[in-house]
Amino acid sequence: MSLGDDTLLCNFPKCRAKLSGFAWVTACSHVFCDQHGSGEFSRSPAICPACSSALSGKLDIVRTELSPSEEYKAMVLAGLRPDVVLDISARALAFWSYQVHQERMYQEYSLSRADTQLKQMEKVLTQQNQSRELELTAMRGEIASLKKVMDEYKRKYSEVSERLMERNRQYHKLQSLYDSLRLRNMVVGVGERDMQPQPGNHDLNIAMARQATPQRSPQFFSLGPDADSRVFSCLEPDGAKTFFQFSSPARDQGRSFINKH
């Protein structure tokens with residue numbers, strides 16, 4: 001029976017159902033539901049499923065009605081002496097007290113087993129938490145190392161990007177320089193092709209070249225008795241003065257010396 005309740009519970013292991021209607025009561029102060037009592041006590045010899053006691057007496061097993069009628073209550077103890085009635089009542093109360101004590105012991109056992117299981121689960125949980133903390137610490141360290149590696153890769157990537165940008169700038173600069181030189185070479189090639197002499201104008205070109213050539217060879221004159229310094233002169237046929245004839249007084253003295261000799 002449950003504590004604080006006046007309902008008996010079946011003493012069959014793993015049953016513990018609330019009893020109602022009919023129940024099987026044994027001389028060893030155990031009670032069973034009608035289903036398990038009928039199944040267990042139909043065999044011979046009968047054995048109590050709760051304490052394994054042999055129940056061989058005629059009144060060791062009684063099937064009783066838990067809610068008897070008023071007529072039964074009026075006649076069951078009628079005609080008995082008071083001491084007999086008190087003795088029966090005392091034994092009935094002792095049976096009830098034993099059921100209460102047994103239920104309390106069962107609840108205490110269940111509580112102790114639950115406490116043991118709870119402690120084991122707390123121990124396992126503590127171990128799991130410690131292992132999780134260790135794994136978390138290791139993962140944090142790994143994350144920190146990976147962050148350092150990522151930062152290093154970012155730095156290298158930045159350096160490579162800067163180098164690539166510099167190379168691209170140099171490439172574009174060289175490309176523009178190459179294009180300008182190529183364009184200049186193309187212009188120079190076109191000019192050279194335009195300046196090549198034509199076959200019909202060959203004589204005219206020769207005549208123009210002869211006119212541009214001086215008629216007299218250049219001469220070198222001495223400016224003093226030492227004859228260390230000489231002056232280049234190119235005299236025109238008509239006796240016109242050239243650029244070299246317009247010189248300093250020292251040059252005029254050298255010319256008078258030449259005329260005397």
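Among contacts in the chain (heavy atoms within 4.5 Å) between residues at least 6 apart in sequence, 39% join residues at least 24 apart. The chain has 261 residues, and 12% of them count as buried; here buried means under 20% relative accessible area, exposed means over 50%, and partly exposed lies in between, with a 1.4 Å probe and protein chains only. This is a predicted model, in which local features need pLDDT of at least 70 and side-chain atom pairs count only at pLDDT 80 or more, while totals for chains, interfaces and linings use all residues. Residues are numbered from 1 along each chain as its sequence is written, and side-chain values use heavy atoms, with hydrogens and water left out.

**Overall layout**

- Five helices and seven strands make up the secondary structure of the chain; these are DSSP runs numbered from the N terminus, with helices being H or I of at least four residues and strands being E of at least two.
- Reading from the N terminus, the order of elements is β-β-α-β-β-β-α-α-α-β-β-α.
- The chain exposes about 21300 Å², and carbon and sulfur atoms supply 58% of that area; accessible areas come from the Shrake-Rupley method with a 1.4 Å probe, and for residues only the protein chains shown count as cover.

**The largest pocket**

- Rolling a probe the size of a water molecule over the atoms shows where empty space is left.
- On a 1 Å grid over the protein atoms alone, a pocket is an open set of points where a 1.4 Å probe fits, with protein on both sides within 12 Å along at least five of seven lines, and lining residues have an atom within 4 Å of a point.
- The largest pocket has a volume of about 1200 Å³, where a volume is the space filled by probe spheres set on grid points that are joined across faces, edges and corners.
- Its lining has 26 residues, and V25, T64, I88, A92 and F95 are the closest to the centre of the largest pocket.
- Two or more lining residues come from each of β1 (22-26), β5 (61-65), α2 (70-76) and α3 (82-195).
- Helix α3 gives the most to this lining, with six residues.
- By class, the lining of the largest pocket holds 15 nonpolar, five polar and six charged residues; Ala, Val, Leu, Ile, Met, Phe, Trp, Tyr, Cys and Pro count as nonpolar, Asp, Glu, Lys and Arg as charged, and the others, Gly among them, as polar.

**The second largest pocket**

- The second largest pocket holds about 280 Å³ of space.
- Of the 14 residues that line the second largest pocket, N11, F12, P13, R16 and Y106 lie nearest its centre.
- Seven nonpolar, four polar and three charged residues form the lining of the second largest pocket.

**Two buried polar residues to look up**

- H30 sits in the loop between β1 and β2 (31-33), and H30 counts as buried because its relative accessible area is 3%.
- The side chain of H30 makes polar contacts with the side chains of Y98 (3.5 Å) and Q102 (3.2 Å); a polar contact is a pair of N or O atoms within 3.5 Å, where within protein one must be able to donate a hydrogen and the other to accept it, and residues adjacent in sequence count only if both atoms are side-chain atoms.
- Leaving aside neighbours within four places in sequence, H30 is in contact with residues including N11, W24, V25, F95 and Q99.
- Q99 is part of helix α3, and Q99 is buried because its relative accessibility is 1%.
- The side chains of Q99 and N11 make a polar contact (3.1 Å).

**Backbone details**

- S44 and P45 are joined by a cis peptide bond, with omega at about 0°.
- P45 belongs to the loop between α1 (34-40) and β3 (46-47).
- K14, in the segment before β1, is a residue other than glycine with a positive phi, near 65°.
- K14 is exposed, at 91% relative accessibility.
- S52 is not a glycine either, yet has a positive phi of about 60°.
- The loop between β3 and β4 (54-55) holds S52, which is exposed at 56% relative accessibility.

- A94 is found in helix α3 and is partly exposed, with a relative accessible area of 45%.
- A94 and S29 lie 65 residues apart in sequence, and their C-alpha atoms are 8.8 Å apart in space.
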